[in-house]
Amino acid sequence: MEFGVVPDSRDITVPAGSTTCAVDSSGTFRFEVVGGAGPYKIKSSNAGMIPVPAQVEKQGDQFTITLTGNCFDPAVLTVTDALNNVVTVEVTSTRDESATP
C-alpha cells in the first residue's frame with residue numbers, strides 16, 4: 001500500500017464573527033496513517049495546529065490535530081516514516097462570511 005495520510009487535505013470553516021480560528025470546544029480533527037513503515041513522526045508547520053500524538057507506531061494508527069485558536073492558511077502537516085519517506089497534508093482555515101454574526 002502506498003504511504004499516505006487519510007484524509008490528505010482538510011478545510012476548516014470558522015464561523016463568521018469568531019475572534020479565533022478554533023472551530024468548537026474540541027477543535028480536533030482525526031487523520032489515519034496508511035502504508036509506509038512505522039514509526040511515523042508528525043510535525044506541523046504552524047503553532048496554531050498541534051498534532052497529538054507527535055508520533056504513531058504502526059500503519060492504521062490515528063492522530064488528531066488540535067487547534068489552538070491561531071489562524072492559518074494554509075498549514076502543512078509533515079508525516080515521516082521510518083524509511084524517511086515523507087507525505088504532507090495541507091490544512092486550510094477559512095471564515096464563513098455568508099452567515100451573519
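Met-49 is in contact (heavy atoms within 4.5 Å) with Ser-44, Ile-65, Thr-66, Leu-67, Phe-72, Ala-75, Val-76, Leu-77 and Val-91, leaving aside its neighbours within four places in sequence. This is a predicted model, where local features need pLDDT of at least 70 and side-chain atom pairs count only at pLDDT 80 or more, while totals for chains, interfaces and linings use all residues. Residues are numbered from 1 along each chain as its sequence is written, and side-chain values use heavy atoms, with hydrogens and water left out.

**Nonpolar core**
- Met-49 also belongs to the largest nonpolar core, a group of 20 residues; such a core is a set of buried Ala, Val, Leu, Ile, Met, Phe, Trp, Tyr and Cys residues joined through side-chain atoms within 4.5 Å.
- Met-49, Phe-31, Phe-63, Ile-65, Leu-77, Val-79 and Val-91 touch the most other members.
- Two or more residues of this core come from each of strand 3 (28–34), strand 4 (40–44), strand 7 (62–67), strand 8 (75–80) and strand 9 (86–96).

**Overall fold**
- The protein chain has 9 strands and 0 helices, taken as DSSP runs numbered from the N terminus (strands: E, at least two residues; helices: H or I, at least four).
- Of its 101 residues, 35% are buried, with buried meaning under 20% relative accessible area, using a 1.4 Å probe and protein chains only.
- Among contacts with a separation of 6 or more, 63% link residues 24 or more positions apart.

**Around Gly-4**
- Gly-4 lies in strand 1 (residues 4–6) and counts as buried because its relative accessibility is 13%.
- Not counting residues up to four places away in sequence, Gly-4 touches Glu-32, Val-33, Val-34 and Val-87.
- Gly-4 and Val-34 are 30 residues apart along the chain, yet their C-alpha atoms are separated by 5.3 Å.

Notes. Buried < 20%, exposed > 50% of the residue type's maximum accessible area, 1.4 Å probe, protein only.
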